[in-house]
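Try each task yourself before you read the solution.

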Amino acid sequence: MAFQSKKFPSKANTNTFAAKYRAMMKKHPFLLFGLPFMSVIVAGSFILTPAAAIRYEKYDRKVRQVSQQEQLGLGQNRRKVDIREEYYRLAAKDLDNWEQKRVERLKGESDGLL
C-alpha cells in the first residue's frame, strides 16, 4: 500500500463553491448536470421556433410580392399550347445533324482548356 488513490483535500479548496458543487455532483449527477442541460435544450427549442417562423414569413412575403407583380403581366401575349402540335414540332427537328459550340467566356474567366 504505497499510494492511496484519493487525494487529501486541502483546507483552502474545501470551502469554495466549485468544491461543494463537485461533491454534490457525485451524489446527484442528473439533478445538477442532466436536468439543467435538458432544460436549456428544450427552452432553446421554444425560443428559436418563433425566430425561424419570422424568417420564413419574411421570405414568403417577398415571394408573394413578386408573384403579384408577375400576375399583372402574365395574362398578355400568351399563345395557346397544343400538346400534339408541340410533339410534331419537336419530332420534326433533325437531332442527328448538330454542331457543338463553345460558350463565350467572360473577360478574365478561364476557358478550361489545358
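**Exercise 1. Find the accessible surface of the protein and the share of it that belongs to carbon and sulfur atoms.**

Solution. In this predicted model, the accessible surface comes to about 12,400 Å². Carbon and sulfur atoms account for 60% of that surface. Now turn to the residues: the protein has 114 of them, and 3% are buried.

**Exercise 2. Work out which elements give two or more residues to the nonpolar patch on the surface.**

Solution. Start with the members of the patch: Phe17, Tyr21, Phe30, Leu31, Phe33, Leu35, Phe37, Met38 and Ile41. Together they have about 990 Å² of accessible area. Helix 3 gives the most, with seven residues.

Let's look at one member more closely. Phenylalanine 30 lies in helix 3. Its relative accessibility is 48%, so phenylalanine 30 counts as partly exposed. The cut-off for exposed is over 50%.

**Exercise 3. Name the residues that gather in the patch of positive charge, then decide whether lysine 58 is buried or exposed.**

Solution. The residues in this surface patch are Lys58, Arg61, Lys62 and Arg64. Lysine 58 is found in helix 3. Lysine 58 counts as exposed because its relative accessibility is 60%.

**Exercise 4. Locate the salt bridge and explain how its two partners are placed along their helix.**

1. Count: the structure holds one salt bridge. As background, side chains of opposite charge can pair when their charged atoms come close.
2. Identify the partners: arginine 89 forms the salt bridge with glutamate 86, and their closest N and O atoms are 2.8 Å apart.
3. Look at the spacing: both residues belong to helix 4 (residues 83-91), and because they are three residues apart, about one helical turn separates them.
4. Check the accessibility: arginine 89 is partly exposed, with a relative accessible area of 43%, whereas glutamate 86 is buried, at 15%.

**Exercise 5. Find what glutamate 86 is in contact with, leaving aside its neighbours within four places in sequence.**

Solution. First, find the residue: glutamate 86 is in helix 4. Then set aside the neighbours within four places in sequence, and the contacts that remain are Arg79 and Val81. Finally, recall that glutamate 86 counts as buried because its relative accessibility is 15%, and the cut-off for buried is under 20%.

Terms used:
Residues numbered from 1 in each chain as written. Predicted model: local features only at pLDDT ≥ 70, side-chain atom pairs only at ≥ 80, totals over all residues. Heavy atoms only, no water. Patch = residues over 30% accessible without salt bridge, like charges linked within 9 Å, V, L, I, M, F, W, Y side chains within 5 Å. Areas by Shrake-Rupley, 256 points an atom, 1.4 Å probe, with all protein chains shown as cover. Salt bridge = Lys/Arg side-chain N within 4 Å of Asp/Glu carboxyl O. Helix = DSSP H or I, 4+ residues; strand = E, 2+ residues; numbered from the N terminus. Buried < 20%, exposed > 50% of the residue type's maximum accessible area, 1.4 Å probe, protein only. Lys, Arg positive; Asp, Glu negative; His and termini not counted. Charge placed at Lys NZ, Arg CZ, Asp CG, Glu CD. Contact = heavy atoms within 4.5 Å.
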